[in-house]
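Q: Hi! I have a structure open here and I'd like to talk it through, starting with one residue's contacts.
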Amino acid sequence: MKMSKRVENLPPYLFVEISKKIAEKKARGEDVVSFAIGDPDIPTPSHIIDRLCEAAQQPENHRYPESDGLPELRKTIADWYQQRFGVSLDPETEVLPLLGSKEGIGHMAFCFVDPGDTVLVPDPGYPVYSVGTLLAGGRPYYMPLLDRNDFLPEIDKIPTDVLRKTTLMWLNYPNNPTSTVADIDFFDRAVNFAQKNNFLVCHDGPYSEVAYDGYRPVSFLQAKDAKEVGVEFHSLSKSYNMTGWRIGMVVGNPTMIDALKRLKSNLDSGIPQAVQYAAIEALTGPQDCIDEHNALYQRRRDLVVEVLNSMGLEVRPPQASLYVWAKVPNGYTSVEFANDLLEKVSVVVTPGVGYGKHGEGYVRLSLTLNDASLVKGLSRLAEWRDSKNRFKPKV
Ligand SMILES: Cc1ncc(COP(=O)(O)O)c(C=O)c1O
């Protein structure tokens, strides 16, 4: 069968080897503990599910939804941005609900990238930024996120000939996979740089509500003039454990929002309305669930960081996001280290190179496994550590 070049040229699925090994282990009846996926293990809060069930019973929600979302949802999102970040948005022109933020991120390239255009993409980074670019015929230019720069891209080091062809830049803070955060000063510099070089900015911020030690992440749209050059993608997936319901949003520059709305109206027929009512409930209902979840993740973070440090991995305790980004011990690549943990103690971590070449030397551990699995996983990691120490030559 002849496939399109577009699909044929998609980068290979980098976790294939690991997935194969997990499947083999499971087939042998072995119990594998996975720190791989950033999918909250905690159920969606019950008041949100109750609203979803109630809305699902109403026949008016059984029909095609409008592709730009319920006006009440767009207004709710605008109100949430005002109250959470002090950012004013016009619900008619500056807010677009999405079927989860991933589809909007993937589709955005088709609105602003023509074949041959360059898109600035963080490396390591969430793979959809580069995949969307490639599908639209664009060329990703990878901006290294390095420890010595606090995992922020050095935008002023991007060569002029690259900038000349650049139409779009992707940013993501709190960051997946490095878990770093950015401040308004960084976003201000990004906006100025985009204005000077005449390209657009897409900021992806689904982890803004998952934060620790009292820290509160900022929005890209709080930067001065951000709305003139860019948009922010957001999601209810991580804030309200709603990954399974598929609802997110993009907000900001009205021309960019309109382009995505036009594209999407030709491809999908909107978000199931019952899910939209659930999202309204999530954003307007009791918010104590957010603090409760963060307290739980923070406890898990501390346990994970302690064990990883004791194994000799360098880790910065994350201030936000669902991930711990850890430097692998000397002598291993990220894939070798992940394979070793899987083979020796049946624990899955994600090799950093899966997120781009500059992720080499790191592994990512997600905090979204239930407490019993977490305890089991950590004691297996301690077993790995102890077995290494046992065989270390004494000097
Ligand atoms: C950085 C980042 N952006 C976007 C998404 C997509 O989230 P959703 O499509 O569930 O809104 C994820 C999911 O893991 C992510 O890590």
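Q: Leaving aside its neighbours within four places in sequence, which residues is Val181 in contact with?
A: Once neighbours within four places in sequence are set aside, Val181 is in contact with Tyr173, Pro174, Pro217, Gln319 and Ala320. Keep in mind as we go that this is a predicted model.

Q: Okay, and how far apart are Val181 and Ala320, in sequence and in space?
A: They are 139 residues apart in sequence, and from C-alpha to C-alpha they are 7.0 Å apart in space.

Q: Where is the place of Val181?
A: Val181 sits in the loop between strand E5 (166–172) and helix H8 (184–197).

Q: So is Val181 buried or exposed?
A: Buried, because 23 other C-beta atoms lie within 10 Å of Val181, and the cut-off for buried is 20 or more.

Q: Let me try another loop. Where does Ser208 lie?
A: Ser208 is in the loop between E6 and helix H9 (226–229). Ser208 counts as buried because it has 23 C-beta neighbours inside 10 Å.

Q: And what is Ser208 in contact with, leaving aside its neighbours within four places in sequence?
A: With those neighbours left out, the contacts of Ser208 are Pro174, Pro217, Ser219 and His234. Pro174 and Pro217 are also among the contacts of Val181. As for Ser239, it is 31 residues from Ser208 in sequence and 8.0 Å away in space, C-alpha to C-alpha.

Q: Now the sheets. What order do the strands have in the open sheet of seven?
A: The order is E2-E8-E7-E6-E5-E3-E4, and the pairing is mixed. At the edges are strand E2 (95–98) and E4, each of which pairs on one side only. On average, neighbouring strands of this sheet are turned by 20° against each other, direction ignored.

Q: Which helix packs on that sheet, touching E2 and E3?
A: That's H5, which also touches E5, strand E6 (200–204), strand E7 (230–235) and E8. The direction of H5 makes about 160° with that of E7. There is H8 too, which lies across E5, E6 and E7 and runs at about 150° to E6.

Q: How many bridges join E2 to strand E8?
A: Four bridges join E2 to strand E8 (residues 248–252), and the two run antiparallel. For Val95, the bridge partner in E8 is Val251.

Q: What about the open sheet of four strands, what's its order?
A: That one goes E9-E10-E13-E12, with antiparallel pairing. Strand E9 (314–315) and strand E12 (350–351) are its edge strands, each pairing on one side only. Strand E10 (residues 323–327) and strand E13 (residues 362–366) pair over five bridges in the antiparallel sense. Helix H12 (residues 288–310) packs on this sheet, where it touches E9, E10 and E13, and its direction makes about 10° with that of E10.

Q: Switching to helix H6, which residues of it are buried?
A: Helix H6 (residues 128–135) has Val128, Tyr129, Ser130, Gly132 and Thr133 as its buried residues. They pack against helix H5 (101–112), strand E3 (118–123), strand E4 (139–144) and E5. Just after H6 comes Gly137, with a positive phi of about 90°.

Q: Last one: how many residues surround the ligand?
A: There are 13, and the closest are Gly100, Ser101, Lys102, Ser235 and Ser237. By class, the shell has two nonpolar, nine polar and two charged residues.

Methods
Residues are numbered from 1 along each chain as its sequence is written. This is a predicted model: local features need pLDDT of at least 70, side-chain atom pairs count only at pLDDT 80 or more; totals for chains, interfaces and linings use all residues. A residue is near a molecule or strand if its C-beta atom, placed from the backbone, lies within 6 Å of it. Ala, Val, Leu, Ile, Met, Phe, Trp, Tyr, Cys and Pro count as nonpolar, Asp, Glu, Lys and Arg as charged, and the others, Gly among them, as polar. Two strands pair if DSSP finds at least two bridges between them. Two residues are in contact if their C-beta atoms, placed from the backbone, lie within 7 Å. Axes are lines fitted to C-alpha atoms, for helices over the stretch in contact, and angles run from 0 to 180 degrees between N-to-C directions. A residue is buried if 20 or more other C-beta atoms lie within 10 Å of its own, exposed if 12 or fewer, and partly exposed in between; C-beta atoms are placed from the backbone.
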